[in-house]
Structures are given as C-alpha cells and as structure tokens.
Amino acid sequence: MSRLPDFIFMLTRNDVTVPDALAHVAAALTAGVRHVGFKDVGLTHAEELTSAIRAAGARIYLEVVSTDAESEQRSAEAAVRHGVDVLMGGGRPRIVLPIIAGSGIDYYPFPGAVSGHPSVLTGTCAEIVASAGRLAAVDGVTGLDLLAWRFPGDAPDLIDQVVRAIAPKPVIVAGSIDRRERIAAARDAGAAGFTIGTAVFEGAFAASRRLADQLIAIQAMLAPPPGREFSAMPAR
C-alpha cells in the first residue's frame, strides 16, 4: 500500500520567503497544515517563525535556494541554530553534513544541476537520475528534494524514475506545483512529500483567495483515485 505524501506549505513566493511569513503561520496551522517551511533567501525573524511553528507541533522545513557554497554553509548553520526538522535543497553534502551532524536534522539535497533564482533543473533525465543515485548513497542524506516541474522534460516520469532509483529513501517534489494534476502526479509516482508556496499566495487552488481556503483545497486534492489505496501514515 502506498502512502499519501506530506503537503509542505512554503511561506514563500518566487523562491523568496514572504516578508509577512510570521503572519500566515496561525492560519496555516488552523487549516490543518502540519508541515511548514521557508527559504534561506528573504528570511527574517527566523527565531520567531520557527518558535511559532514548533509551538503548534508542526514540522519545520528550511530550503536552501542560494547557489554559492558560502550561503549554503550559512543556511546549514542557521538550520542548526534555529532547530529546524528538515534541511532541503542545496547540493553540497560535504559542506552541510559535518555542520548538521548530531542535530537530528533530516537532509534532502537537490539532485541534478540546479541554477538560477527561481531555481531551474537542467540536464537529461538520465543525468538527474544518476545524480540522485550518487547523492542518496551518501551517508547522512535522508532523501532528495526534486525540482521536477523546473525540469524541461517529462516531470511525472522524472519523479517516477528518481523515486525508484533511490528507494527506500524518500523524495520530496518541489517547485511550480500549481494545479491539481501536478499534486496527483507527485502522489501517484510515490513522492513522500511536495511543497507549494507561490501558487497558494496567487490563489491557484480555490475560488476564494483566502489563505485557509487555498490550503484546505490542496489537502482535499490528496484524495486517492477510485481503486487505489493509500496509507495516511507518514514515513519517518
């Protein structure tokens, strides 16, 4: 039996943490969201933000979208300092893993060649899958953060191939998930989770642009199709 993926609400727009991120935390938690994240770019009031998420018992995610080594190091240090649960993104485990060692932080780097801001994923499907295999084999890498819809090819096929290549390690799908079909594709390919930020703030999922209505609509879209069984129990 497959498991339903975790919906991770990112307090971000265009790969930047929104300036009023703290103001949206309570609404997200009230709407039933239990996985909340933000990016290393644009992040302010990190201590207050992580404290508010933690106080509600939700899981905290920090995603690294900076492309230089120094920024990735600083983000890893910030993840430890603020006690996040999951560090996503980046692609330099040799820098990150010694910093987060012993912290209990789960680590999901990007496979493939990632560049630009907002981030894009380049290379062939085969190259990305090979990169995924190499990264997943590194001791201390929990799983991978896959920018499937920032890839110019067949995103559902890429997710499927990466999920299979690194199983049983989990894959979180991030970037440009802005419609029901993409949520379903991530779910059906076996992704352990997916992130949405920009599309929530742009009102892509419900007629009402109210944040809570958008988040409730996304969670409803996780319902499996007839004839398929999914477990709602998270894999840890």
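This is a predicted model: local features need pLDDT of at least 70, side-chain atom pairs count only at pLDDT 80 or more; totals for chains, interfaces and linings use all residues.
Colleague: Why is lysine 39 called buried?

Modeller: Buried means under 20% relative accessible area, exposed over 50%, and partly exposed in between, with a 1.4 Å probe and protein chains only. Lysine 39 has 7% relative accessibility and therefore counts as buried. Lysine 39 lies in strand β5, residues 35-39; strands are DSSP runs of E of at least two residues, and helices are runs of H or I of at least four, numbered from the N terminus.

Colleague: What makes the pairing of lysine 39 with aspartate 15 a polar contact?

Modeller: The term requires a pair of N or O atoms within 3.5 Å; within protein, one must be able to donate a hydrogen and the other to accept it, and residues adjacent in sequence count only if both atoms are side-chain atoms. The side chains of lysine 39 and aspartate 15 make such a contact at 3.2 Å.

Colleague: Why does isoleucine 60 count as buried?

Modeller: Isoleucine 60 has 0% relative accessibility, and therefore counts as buried. Isoleucine 60 belongs to strand β6, residues 59-64. Its touching residues, not counting those up to four places away in sequence, include Val36, Phe38 and Ile53, where contact means heavy atoms within 4.5 Å.

Colleague: How do you know that α5 and α6 are roughly parallel?

Modeller: Axes are lines fitted to C-alpha atoms, for helices over the stretch in contact, and angles run from 0 to 180 degrees between N-to-C directions. Angles under 35 degrees count as roughly parallel, over 145 as roughly antiparallel, 65 to 115 as roughly perpendicular and the rest as oblique. The axes of α5 (residues 125-136) and α6 (residues 155-166) come within 9 Å and cross at roughly 30°; α5 and α6 are therefore roughly parallel to each other.

Colleague: What makes α1 roughly parallel to α2?

Modeller: The axes of α1 (residues 21-30) and α2 (residues 46-55) cross at roughly 5° and come within 10 Å. The two helices are therefore roughly parallel. Among the residues that meet are Val25 and Leu29 in α1, with Ala52 and Ile53 in α2.

Definitions and conventions:
Residues are numbered from 1 along each chain as its sequence is written. Side-chain values use heavy atoms; hydrogens and water are left out.
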